[in-house]
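This report describes the secondary structure, the sheet, the helices and the core of one protein model, with the cut-offs behind each term. The sequence and the structure come before the description.

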Amino acid sequence: MKRSNQMNKTEFIAKLSEELGTTKTEANKNFDAVIKCIAQAMKDNDELRFTGFGSFKAQNKKATRVKTPKGTIAEVPAQRRVTFSVGSEFKAIVNGK
C-alpha cells in the first residue's frame, strides 16, 4: 500500500532540528513547549494571532443532544471548540508563490 504524502511528528522534529541546528531532543522539547503555550493561550483567550501564519479562535459551545446514526440520543458535553484560519503569507508559501 502506498503511503500518502504526509509528515508525522517524528519526521517534522527531525526537519526542525536541522533548521535550528539542534538535537532532535532539543527540537522536540521546543516544539512541545510551543504547543503547550498555544493550548494554554486558547484556554485563557478567545483568539491568538500570528501575523502571516494564521489565527486560532476558540468559542464556548453549549451542551447539546444529538441523534446518532443508530437513532439513539447522545449528550454532547459543553466544550471550547478551536478553529484555525490560515494567514496570507503561510498560504502563499504552501501554494509556491
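Strand β3 (residues 64-67) and strand β4 (residues 73-76) run antiparallel and are joined by four bridges, where strands are DSSP runs of E with at least two residues, helices are runs of H or I with at least four residues, and both are numbered from the N terminus. Two strands count as paired if DSSP finds at least two bridges between them. R65 has E75 in β4 as its bridge partner, and in this hairpin, which has five residues between the strands, G71 takes a positive phi near 95°.

## Basis of the values

The model is predicted, so that local features need pLDDT of at least 70 and side-chain atom pairs count only at pLDDT 80 or more, while totals for chains, interfaces and linings use all residues. Residues are numbered from 1 along each chain as its sequence is written, and side-chain values use heavy atoms, with hydrogens and water left out.

## The three-stranded sheet

An open sheet is formed by three strands in the order β1-β2-β5, with antiparallel pairing. Its edge strands are β1 (47-50) and β5 (79-86), each of which pairs on one side only, and the twist averages 15° from one strand to the next. Strands of a sheet pair through backbone hydrogen bonds, either parallel or antiparallel. Here β2 and β5 run antiparallel and are joined by eight bridges, and K57 stands opposite T83 in β5.

S55 lies in strand β2 (residues 54-61) and is buried, with a relative accessible area of 16%; buried means under 20% relative accessible area, exposed over 50%, and partly exposed in between (1.4 Å probe, protein chains only). Leaving aside neighbours within four places in sequence, S55 is in contact (heavy atoms within 4.5 Å) with E47, L48, R49, T83, F84 and S85.

Helix α2 lies across β1, β2 and β5, and runs at about 135° to β1; axes are lines fitted to C-alpha atoms, for helices over the stretch in contact, and angles run from 0 to 180 degrees between N-to-C directions. At 1.5 Å a residue, the 21 residues of α2 should span 30 Å, which agrees with the 30 Å between its end C-alpha atoms, the expected span being 1.5 Å times one less than the number of residues. The buried residues of α2 are A27, I38, A41 and M42, and they lie on the same side of the helix because they cover an arc of only 100° around the axis, an arc taken from the directions from the helix axis to the C-beta atoms. The face of α2 turned away from its buried side carries the exposed residues T25, K29, K36, K43 and D44, whereas what covers the buried residues includes α1 (9-20), β1, β2 and β5.

The largest nonpolar core has six residues, I38, A41, M42, L48, F56 and A58, such a core being a set of buried Ala, Val, Leu, Ile, Met, Phe, Trp, Tyr and Cys residues joined through side-chain atoms within 4.5 Å. The elements that give two or more residues to this core are α2 (24-44) and β2, and the largest share, three residues, comes from α2.

## Helix α1
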